[in-house]
Amino acid sequence: MKHCIISILALSLGMTMYAQPGAVDTKPANTDSERLLTMEEATISRDVYPESRRYSWTDDGKMLTWTDGDTMYGIAPESGESSAIITAAELAEKTGASLDGFPPYRWAEDGSLQFTSGDRICSYDITSGRTLAVTPIPDGAENMTPGTDGRYAYTSGKSLFLCDRNGNSTPIAISESTEITYGQFVSRNEFGIMEGIFWSPDGKKLAFYRKDESAVTTFPLLDITTRTGSLFEIKYPMAGMASENVRLGIYDLASNSTVYVKADDFGYDQYLTNVTWAPDGSRIFIQVLDRSQKHAKLNMYDAAGGEFIRTLLEERNDRFVEPQNPIWFLDGSNDRFIYRTDNRDGYKNLYLCDTEGNIERLTATDADVEYVGNNGKEVFYTSAEVSPVENHLFKINLRNRKCTRLTTEAGWHEVSLSPDCTCFVDRYSSLNTPNIIDLRRTDGTKVTNLFSAADPAENYAWCETVLGTVKSADGKYDNWYRLIKPKDFDPSRKYPVILYVYGGPHSQLVRNTWNAELRAWEMYMAQRGYIVYVQDNRGTLNRGAEYEKAIYGQCGQAEMADQMEGIKMLMSLPYVDSSRIGVHGWSYGGFMTISLITNYPDIFKVAVAGGPVIDWKWYEVMYGERYMGNPTLNAEGYAKTSLIGKARDLKGKLLICQGAVDNVVVWEHSLSFIRECIKNNVQVDYFPYPCAQHNVLGKDRIHLMDKVTMYFEDYL
């Protein structure tokens with residue numbers, strides 16, 4: 001599900017740490033401290049993770065900035081010299097803002113510093129020391145999206161407006177009914193869609209989504225906070241049922257008029273995603289995807305009238321096509337761009353394309369890559385070509401195709417490239433290394449170390465963590481795992497095991513980061529005598545299309561088979577108590593948890609499932625039909641993966657927890673499973689969180705994980 005999205009990495013160039021399948025690396029236990037994590041530290045505190053810092057490039061790339069306390073600092077990337085720029089008190093005095101510490105900020109394209117103070121957006125020029133604009137935020141404004149000259153587009157209710165720097169609003173699109181929404185995200189955030197407003201580069205036009213949900217059924221949620229309780233309905237398009245209709249409008253600020261793009265390739269409920277403007281604003285590009293998600297087109301349209309110009313590229317796949325990225329134009333070009341897909345060579349590679357439809361492969365790796373940036377001569381990308389659990393930065397020369405690796409330290413590197421592509425912020429960690437942040441040049445040299453975090457594990461009785469691999473059930477892949485051994489581990493003893501599982505698309509739970517990406521609750525349980533095991537499986541990220549698409553039509557089957565290979569490995573260890581194995585997961589992981597305890601009732605003694613999918617026919621169209629197809633065309637697959645018929649097979653202890661106003665995995669799932677348990681006289685435990693949505697957050701989360709922990713303590 002789209003609520004557990006993680007990234008990935010690689011290895012080679014003389015490194016031997018992961019050279020052989022099954023090889024492991026270990027983070028030693030900290031024997032110097034006896035302090036155990038509290039439940040609050042294990043669930044909502046950041047103090048048990050390495051400290052980090054946020055750095056921002058100015059729009060021209062000539063300065064890197066960050067805040068420390070009440071002061072903003074800057075560093076010149078060429079010299080590495082840093083200095084204080086402005087304090088919060090000085091910024092408040094200059095702009096008239098009311099500030100409590102230095103505010104979150106962004107650098108605008110005109111070079112100004114922009115931040116929000118109360119009901120106003122302030123724009124301040126650091127160089128001249130002049131306030132450029134103080135724009136009032138209209139009442140009820142949401143999705144504020146900056147354009148040029150201090151203008152913003154925003155939504156209010158279901159309508160879309162334009163606001164000038166004086167706070168004057170002009171309607172762009174007024175909703176005709178409660179069924180129609182303008183300027184907000186569509187398709188339930190699938191296909192990389194996170195917003196609904198798209199400014200042209202010159203700020204003269206504005207593209208926006210129009211979503212019509214008149215054909216979509218509703219699902220009722222209960223609000224218990226009102227005097228007598230009240231129902232509120234959400235639009236929820238279930239697999240196989242009517243979906244939303246999406247169109248893309250283009251508003252011209254000069255003429256105060258709107259045209260709609262003539263994108264009608266696949267009919268009413270097609271998907272329009274990855275909206276991209278040409279650099280000169282004359283054309284707009286959309287990836288149009290059919291409802292089955294097996295056929296996609298990259299189309300080009302005229303921005304003045306919305307007319308279709310041509311289809312540049314097409315993708316077809318018998319399982320699914322999954323467009324996730326916009327196109328990226330080469331710097332200085334209006335017709336050459338970078339395109340990313342896994343549908344042509346089996347891995348997410350980059351392709352060099354043009355507006356005539358020509359395409360050639362750019363990155364020649366048998367590994368997934370992510371685009372980072374370009375300067376018109378070189379393209380920068382991160383890649384899993386070193387190892388699936390490491391992420392490294394590379395650049396490729398467009399003229400001679402020479403590829404250069406720019407990060408060398410083992411681990412997971414997250415980079416922020418300067419706008420002029422001369423420098424980058426390199427933020428990385430590995431199993432035994434907390435956050436390190438360096439400033440580097442793209443010629444391979446290091447400017448300076450910006451920040452090195454202390455190891456928070458030194459303050460606690462941190463247990464030994466092992467990073468390694470186990471073969472997938474089909475024997476084709478090495479699936480990565482992390483294993484946390486109990487405190488004061490004694491190999492002559494027998495220990496219970498808790499498998500924490502997610503296993504769904506777009507996830508990667510195991511990476512070569514500090515403590516291998518662990519959640520602090522895992523360490524909490526290891527400190528209390530459990531072996532905690534986490535493993536990725538087929539269907540997750542960063543291993544290529546065949547690995548990811550192995551789940552198509554039968555969600556849970558390949559995933560379970562792979563997880564069971566890990567369980568078999570654990571059961572072969574002399575210090576594992578095979579009679580005490582538990583499993584816990586949330587969302588897709590909740591589906592996996594119940595799948596495992598009902599399909600392998602003699603292996604799993606205890607399970608705690610949160611927000612679980614029970615039957616994919618009750619899940620949303622966009623995600624569900626991508627991985628399971630339409631229920632009428634894949635009746636066998638839906639029947640095989642449904643957990644309704646598995647309720648009677650439950651033998652162990654199962655606790656299901658769910659937010660009662662879950663708008664992602666609606667209540668119909670878990671309640672239907674509970675009903676089936678009752679019909680079959682099978683005992684099951686259930687705990688709803690009355691005011692929580694899909695994820696239980698804040699103080700409620702402490703209660704939740706206390707509940708999960710006590711369940712394992714009582715029964716495992």
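Which residues are linked in a network of salt bridges? Select Glu409, Asp426, Asp438, Arg440 and Lys446: these residues form the network. A salt bridge here is a side-chain nitrogen of Lys or Arg within 4 Å of a carboxyl oxygen of Asp or Glu.

Before moving on, some ground rules. The model is predicted, so local features need pLDDT of at least 70 and side-chain atom pairs count only at pLDDT 80 or more, while totals for chains, interfaces and linings use all residues. Residues are numbered from 1 along each chain as its sequence is written, and side-chain values use heavy atoms, leaving out hydrogens and water.

**Salt bridges across the chain**

Searching the whole structure gives 46 salt bridges. Side chains of opposite charge can pair when their charged atoms come close.

Select Arg53 and Asp68. Their closest N and O atoms are 3.9 Å apart, forming a salt bridge. Arg53 sits in the loop between helix H1 (39-43) and strand S2 (56-57), and Asp68 in strand S3 (residues 64-68), so the pair ties together parts 15 residues apart in sequence. Helices (H or I, at least four residues) and strands (E, at least two) are DSSP runs, numbered from the N terminus. Arg53 is partly exposed at 24% relative accessible area. Asp68 is also partly exposed, at 42%. The cut-offs: buried is under 20% relative accessible area, exposed is over 50%, and partly exposed is in between (1.4 Å probe, protein chains only).

Go next to Glu356 and Arg310. This salt bridge has its closest N and O atoms 3.8 Å apart. The pair links distant parts of the chain, 46 residues apart: Glu356 is in the loop between strand S27 (349-354) and strand S28 (359-361), Arg310 in strand S24 (residues 308-316). Glu356 counts as exposed, at 57% relative accessibility. Arg310 is partly exposed, with 28%.

Now pick Asp685 and Lys653. In this salt bridge the closest N and O atoms are 3.6 Å apart. Here too the pair links distant parts of the chain: Asp685 is in strand S44 (residues 685-689) and Lys653 in strand S43 (residues 653-659), 32 residues apart. Asp685 is partly exposed, at 27%. Lys653 is partly exposed as well, at 30%.

**Surface patches**

Show the surface. Select Asp59, Asp60, Glu109, Asp110 and Asp420: they gather in a patch of negative charge. Patches are made of residues with over 30% relative accessible area and no salt bridge; like charges are joined within 9 Å, nonpolar side chains (Val, Leu, Ile, Met, Phe, Trp, Tyr) within 5 Å. Lys and Arg count as positive, Asp and Glu as negative, while His and the chain ends are not counted. The place of a charge is NZ of Lys, CZ of Arg, CG of Asp or CD of Glu. Centre on Glu109, in the loop between strand S6 (106-107) and strand S7 (113-117). Glu109 counts as exposed, at 60% relative accessibility.

Then select Leu222, Ile224 and Leu231. These form a nonpolar surface patch with about 290 Å² of accessible area together. Accessible areas come from the Shrake-Rupley method with a 1.4 Å probe; for residues, only the protein chains shown count as cover. Ile224 lies in the loop between strand S17 (218-223) and strand S18 (230-235). Ile224 is partly exposed, at 47%.

**A covered helix**

Hide the surface and select helix H7 (residues 621-628). Eight of its eight residues are buried. Both Glu625 and Arg626 are among them. What covers the buried residues of H7 includes strand S21 (271-277), helix H6 (588-599) and helix H8 (635-641), with contact meaning heavy atoms within 4.5 Å. Just after H7, Gly629 takes a positive phi of about 75°.

**Backbone stops**

Most residues other than glycine have a negative phi. Select Asn143, in strand S10 (residues 142-146). Asn143 is not a glycine, yet its phi is positive, about 55°. Asn143 is partly exposed, at 40%.

Select Ser587, in the loop between strand S41 (576-586) and H6. Phi of Ser587 is near 65°, again a positive value in a residue other than glycine. Buried or exposed? Ser587 is buried, with a relative accessible area of 5%.

Last stop: Asn189, in the loop between strand S14 (180-182) and strand S15 (197-199). Asn189 is partly exposed, at 24%.
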